Amino acid sequence: MSVLNPVAVAPLPTGEFAISWSDGLEQFLPMEKLRQACPCALCNGEPDVMGRGDAPVRNYKPGSFELKGYEFVGGYALLFRWVDGHASGIYSYNLLRGL
Ligand SMILES: [Zn+2]
């Protein structure tokens, strides 16, 4: 298990999401990069019921790169809510740290 945890997170007026990690690292992630890294099935072309693994469907709209809110999930991840309504991406701490 990773012992790295965010000790503080905050969306910044500069359009970045700041994460202060328990080891002292401060990370500043542009919202666009954050959204493009969305790990959910919708954004990553999960095979459909016919077994076809189609290319990822990523239709970005106005608001796709605007953060509406976020919440911690189970002590291991963050869920981001976007202004365009997308809110199915659960970003593990390991994923965030690797961005
Ligand atoms: Zn997604």
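Visitor: Which atoms coordinate the zinc ion, and at what distances?

Guide: Donors are N, O and S atoms within 2.8 Å of the metal (3.2 Å for Na, K and Ca), and sites may look incomplete because water is not among the atoms. In this predicted model, the zinc ion is held by Cys 38 (SG), Cys 40 (SG), Cys 43 (SG) and His 86 (NE2), at 2.1 to 2.3 Å. The donor residues follow the sequence spacing C-x1-C-x2-C-x42-H.

Visitor: What arrangement do the four donor atoms make?

Guide: Ideal angles for four tetrahedral donors are 109.5 degrees. Four donors count as tetrahedral if all angles lie between 85 and 135 degrees. Here the angles are 101 to 115 degrees, so the arrangement is tetrahedral.

Visitor: Is Cys 38 buried or exposed?

Guide: Buried means under 20% relative accessible area, exposed over 50%, partly exposed in between (1.4 Å probe, protein chains only). Cys 38 counts as buried because its relative accessibility is 2%. Cys 40, at 7%, is buried.

Visitor: What is the strand order in the open sheet?

Guide: Strands are DSSP runs (E, at least two residues), numbered from the N terminus, and two strands pair if DSSP finds at least two bridges between them. The three strands are ordered E1-E2-E3, with antiparallel pairing. Strand E1 (6–11) and strand E3 (26–30) are the edges, each pairing on one side only. Five bridges join E2 (residues 16–21) to E3, and Ser 20 has Glu 26 of E3 as its bridge partner.

Visitor: What do the numbers rest on?

Guide: Residues are numbered from 1 along each chain as its sequence is written, and side-chain values use heavy atoms, with hydrogens and water left out. Local features need pLDDT of at least 70, side-chain atom pairs count only at pLDDT 80 or more, and totals for chains, interfaces and linings use all residues.

How values were computed. Helix = DSSP H or I, 4+ residues; strand = E, 2+ residues; numbered from the N terminus. Tetrahedral: all angles 85-135°; square planar, octahedral: opposite > 155°, others 65-115°.
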